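Good morning, and thank you for coming.

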Amino acid sequence: MSKSDWDSALGQLLGANKIYAVVEHEACLDYDLINSDRIPHIIYNQPKPVTPLKMFFLPIKQNVSNLEAQNKQIIIGAPNCDVEALRILDEIYLEEPFTDPFYKQRRENTLIISSDCLDILEHCHCNSYGIDPFASEIADLSIILLENQAVLTSLGKKGDAFIKTLSSLEGTSLNDYPNDAIIEEKHSATIQKLKKSNNTLPGYKESGMLVSRSNGEIWKKYASDCVSCGACSAICPTCSCFLLNDKPAFEKVRQIDTCQYPGFERVAGGEDALGNLATRFRNRYMCKYVWKPETFEALACTGCGRCIETCIGGINKNELIIELEKETMSR
Ligand code: SF4
Ligand code: SF4
Ligand code: SF4
């Protein structure tokens, strides 16, 4: 549909849905709640919102005492690295018999419109782990803006129903987009950029082997710049750890936790398997590249690059892995 029809459709959908979309903030892109004035300012096809998609399903803090009714929401602009990260969260939070009703409710009430990345940022490396920079079937629809057209592709049942809704709205006219070749060309240009940018980075499985075989020195070296702030894991789209806090009147509040915080594994009596900084620092790598792959089918790192961008100590996970590979080769 034309971009103006798409904007008008979003305006009509605002009544029944909360719409979150990527917009420009001072120095970055991030999601915001959209009202009719902000619809023309939505950013499409640019990497990447600061906030990972998981925050819509696992908020930083959430009262989990009672399951209350939740409004339907539409999220526009999630990049595929974030959408792919839902695979492992779905395995963790939706699989029987330990389905999490709070996560499930949010997943069911949310329509995800993923935005194809037509550019990359310095630390994007989804392709190194076999993930495309454009929508997978985990999203409900994909969107790409081309020649003043909003090209929407349904990726499943929720997407089909949404397209039907669009066609019933006033003043919107849907057509088949005739030029798939242009879309393929755009996709392949992004892939070429990613390949060039990550040509020395080992793949996901290889990284797991390197991490599990590594000795203590490299972890001490990189951990010496770590201040245990936890940002790398809090912002990671696949990290799933949380604390359950007891509040007065038997209320329970779930809050994001991370293995990078001191005391993460401290138990009654004071023992703490991750009390040492270098051991704690290595834990995140073991979790993502060694332990999670032993238990789950989905990847525990989708190459979004946020942990590198956010690290206050300037630690670059990919440099560490490349250094590990060089060390192994020189042995
Ligand atoms: S480990 Fe880093 S690059 Fe991988 S998904 Fe998490 S934040 Fe992104
Ligand atoms: S890396 Fe750390 S915070 Fe992330 S899921 Fe694993 S143990 Fe939890
Ligand atoms: S973001 Fe950097 S400094 Fe903070 S815990 Fe992670 S590695 Fe350490």
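I shall speak about the domains, then the packing of helices, and then a ligand shell.

This is a predicted model, in which local features need pLDDT of at least 70 and side-chain atom pairs count only at pLDDT 80 or more, while totals for chains, interfaces and linings use all residues. Residues are numbered from 1 along each chain as its sequence is written, and chains are lettered from A and ligands numbered from 1 in the order in which they are written.

Let me start with the domains. The domain assignment, which is automatic or from a database, divides the protein chain into domain 1 (3-197) and domain 2 (204-330). Their C-alpha centres are 27 Å apart. Domain 1 brings 28 residues to the contact and domain 2 brings 27; two residues are in contact if their C-beta atoms, placed from the backbone, lie within 7 Å. On the side of domain 1 that touches domain 2, strand E3 (61-63) and helix H2 (80-94) each supply at least two residues. Helices (H or I, at least four residues) and strands (E, at least two) are DSSP runs, numbered from the N terminus. H2 gives the most to that side, with nine residues. The side comprises 15 nonpolar, six polar and seven charged residues. Here Ala, Val, Leu, Ile, Met, Phe, Trp, Tyr, Cys and Pro count as nonpolar, Asp, Glu, Lys and Arg as charged, and the others, Gly among them, as polar.

I turn now to helix packing. Helix H6 (residues 204-213) packs against helix H11 (residues 317-330) at an angle of about 70°, their axes being 10 Å apart. Axes are lines fitted to C-alpha atoms, for helices over the stretch in contact, and angles run from 0 to 180 degrees between N-to-C directions. H6 is therefore roughly perpendicular to H11, a term covering 65 to 115 degrees. Ser-207, Leu-210, Val-211 and Arg-213 of H6 meet Ile-321, Leu-324, Glu-325 and Thr-328 of H11.

H6 also packs with helix H9 (residues 277-295), at about 115° and with axes 9 Å apart. From H6, the contact uses Ser-207, Gly-208, Val-211 and Ser-212, and from H9, Tyr-285, Met-286, Tyr-289, Val-290 and Pro-293. This contact has six nonpolar, three polar and no charged residues.

Finally, which residues are closest to ligand 3? They are Cys-226, Cys-229, Cys-232, Gln-260 and Cys-311, in a shell of 13 residues, each with its C-beta atom, placed from the backbone, within 6 Å of the ligand. The shell has eight nonpolar, five polar and no charged residues.

Terms used. Angles under 35 degrees count as roughly parallel, over 145 as roughly antiparallel, 65 to 115 as roughly perpendicular and the rest as oblique.
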